[in-house]
Protein chains: 2
Amino acid sequence: MEIKQEIERRAAEIENLIASYLPREEGWQKTIMEAMNYSVMAGGKRLRPMLMQETYRLFGGNRKMIEPFMAAIEMIHTYSLVHDDLPAMDNDEYRRGKKTTHAVYGEAMGILAGDALLNYAYETAIKAFDRGQEQDALSQTDYERMVAALQILARNAGIYGMVGGQTVDIESENCPGMTKEKLDFIYHMKTGALIEGAMLIGAVLAGATKEEQRIVSKTAQQVGLAFQIQDDILDVTGTQEVLGKPVGSDEKNQKATYVTFAGIDEARRQVEQLSADAICSMESLTGKNVFLTELLRFLISREK
Amino acid sequence: MEIKQEIERRAAEIENLIASYLPREEGWQKTIMEAMNYSVMAGGKRLRPMLMQETYRLFGGNRKMIEPFMAAIEMIHTYSLVHDDLPAMDNDEYRRGKKTTHAVYGEAMGILAGDALLNYAYETAIKAFDRGQEQDALSQTDYERMVAALQILARNAGIYGMVGGQTVDIESENCPGMTKEKLDFIYHMKTGALIEGAMLIGAVLAGATKEEQRIVSKTAQQVGLAFQIQDDILDVTGTQEVLGKPVGSDEKNQKATYVTFAGIDEARRQVEQLSADAICSMESLTGKNVFLTELLRFLISREK
């Protein structure tokens, strides 16, 4: 079996699951539902829910309460892209070869659609309590795990996670004072935090021990960092056709990246090292989930 | 005791409580915390947490788990103002006599500060589980009530509540097709939903019955509508000095309001009727909470 095809098959499965949690387009406020659904269904690797689900399975999880969290983390990822694309932010008209949300619905509705998605992510995550209950009455442990999962989601998406990273990223634009330390912080928070959140929620909901959670966190951080450096490399070496977005945009925007800091060879070496470390960490937990190991390997060596 | 002074005293108390839930301004991402705290501490009547607290007390609630929800609903109210004030939305440079968030921190940070506040509202609300646990171990009933409160918060803040109302409001701007039915929807959702959410969370956390919750919802809707119509009236009759914002801005923006629809006398009559109904409903529940009745009376007859 070709791993790339298996990943695509699972991404399609996850996309259907996410779609089932999206709002129906109805009522006076129909436009906002359309803008939300357009944004979420405009493509994407569905990486975060996939990592969440695989980590959940790795620790023996098999209940439906994971589903709302999978949908929620993809909604949060999507809202961050919708707002990132706004004229006052990166001002992008296209993403993955499609018009961005504000380009289709206007700027005001773009802001509101992002807000709506973020809020709906929590409205969705809270459904985990109902989904859990459909199968069995919830135990004290079930409640504790779901509350912990909500805490991880909120913390990693907010000012101590993704939004924190975006803040420093925005402040650093066109600003000559970038240091390696600051760049590490941005990568760690802006991309790493949500990937860490995804894997950690899977682990916590399945009942992983504290020590196991610690290893999952560390691995996720390595994956997030490798993933982001690979993005920087592709921005230099990729083709517009494959990427679906202009090549060399970092250079155009005078953006400091791992490649501008360390050079492309050193960046490639770092991706190798980080992914080897991540795979080792995961295999130290268990050798059972072959797909997860392959997924990590694939993500880091990807061409788009 | 002058009710106005008592309301101000309690608002100051609530402001301190909210402040204690705001993030410390520290780290690389310090600016976002500053922008959040600036936005929340820029004044306001603290109406929603006050109504929540009073409704909680009305049904005998006396635990600390209400506090994170009080802070959270004010954060959600504040984020909605921060985003409403953005150039792509109402484009306001001043609110309550102070510079708006984007006017101080720039447009990108204004968008991000709103996002951060919305996310932090959930991060904060989830702390209710911890606050509850500090006093007594959480029972099954405690968990159920807090999950229900989270559901109300998310639903009333989102596309089936506040954001839904904002969507229709934005779409209706400069659009001649406004009907009374659509205006009712906007008021019901944009202002009413969060006020309803506030009071309902208070009721649910304190263990109000389904029938009591129904009456609270109905009352809150009447209060929200009366509050919004009073706003329309003040926009015509108020003075800039008292309001802290330009008078007649609705007319300038060609905004359809209850006053433009029904005339000022009919609008005044409606406020009277709605507030009388709301007070009757609350008193049908219990005559004990004199402050809540007085607060409703005051809010509706206010001059700013």
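The place of Asn91(A) is in the loop between α4 and β1 (94–95) of chain A, helices (H or I, at least four residues) and strands (E, at least two) being DSSP runs numbered from the N terminus. Its backbone has a positive phi of about 55° although the residue is not a glycine. Most residues other than glycine have a negative phi. In chain B, Asn91(B) lies in the loop between α4 and β1 (94–95) and likewise has a positive phi of about 55° without being a glycine; at 45% relative accessibility, Asn91(B) counts as partly exposed.

Residues are numbered from 1 along each chain as its sequence is written, and chains are lettered from A and ligands numbered from 1 in the order in which they are written. Because the model is predicted, local features need pLDDT of at least 70 and side-chain atom pairs count only at pLDDT 80 or more, whereas totals for chains, interfaces and linings use all residues; side-chain values use heavy atoms, with hydrogens and water left out.

The model scores ipTM 0.95 and pTM 0.95. Chain A averages a pLDDT of 91, and 92% of the residues score at least 70; pLDDT is the predictor's confidence in each residue, from 0 to 100. The secondary structure of chain A comprises 16 helices and two strands. Its C-alpha atoms fill a box of roughly 55 × 55 × 40 Å along the principal axes. The radius of gyration of chain A is 19 Å, which agrees with the value near 19 Å for a compact globule of 304 residues; this radius is taken over C-alpha atoms, and the globule rule is 2.2 Å times the number of residues to the power 0.38. Of the 304 residues of chain A, 59% count as buried. Contacts (heavy atoms within 4.5 Å) with a separation of 6 or more in chain A are 74% accounted for by residues 24 or more positions apart. Chain A exposes about 12300 Å², of which carbon and sulfur atoms supply 47%; accessible areas come from the Shrake-Rupley method with a 1.4 Å probe, and for residues only the protein chains shown count as cover.

The arrangement of the two chains was examined by superposition. Chain A can be laid on chain B with an RMSD of 0.0 Å by a turn of 180° and a shift of 0.0 Å along the axis. That is the relation of a two-fold axis, with copies superposed by least squares on the C-alpha atoms of residues with pLDDT of at least 70 in both. The copies meet through the same surface, because 100% of the interface residues of chain A are also interface residues in chain B.

Helix α2 (residues 30–40) is mostly covered in chain A, where eight of its 11 residues are buried. Among them are Thr31(A), Ile32(A), Met33(A) and Asn37(A). These buried residues of α2(A) pack against α1 (3–21), α4 (66–84), α5 (101–105) and α6 (107–125) of chain A together with α9 (162–172) of chain B. In chain B, eight of the 11 residues of α2 are buried, and their cover includes α9 (162–172) of chain A as well as α1, α4, α5 and α6 of chain B.

The largest nonpolar core has 168 residues, and those with the most contacts inside it are Ile32(A), Phe69(A), Ile76(A), Ile32(B), Phe69(B) and Ile76(B). Such a core is a set of buried Ala, Val, Leu, Ile, Met, Phe, Trp, Tyr and Cys residues joined through side-chain atoms within 4.5 Å. In soluble globular proteins, nonpolar side chains tend to be buried together. Not counting residues up to four places away in sequence, Ile76(A) touches Leu118(A), Ala121(A), Tyr122(A), Leu153(A), Ala157(A), Met162(A) and Leu194(A). Ser80(A), in helix α4 of chain A, counts as buried at 6% relative accessibility and is in contact with Met162(A) and Gln166(A), leaving aside neighbours within four places in sequence.

Key: Buried < 20%, exposed > 50% of the residue type's maximum accessible area, 1.4 Å probe, protein only.
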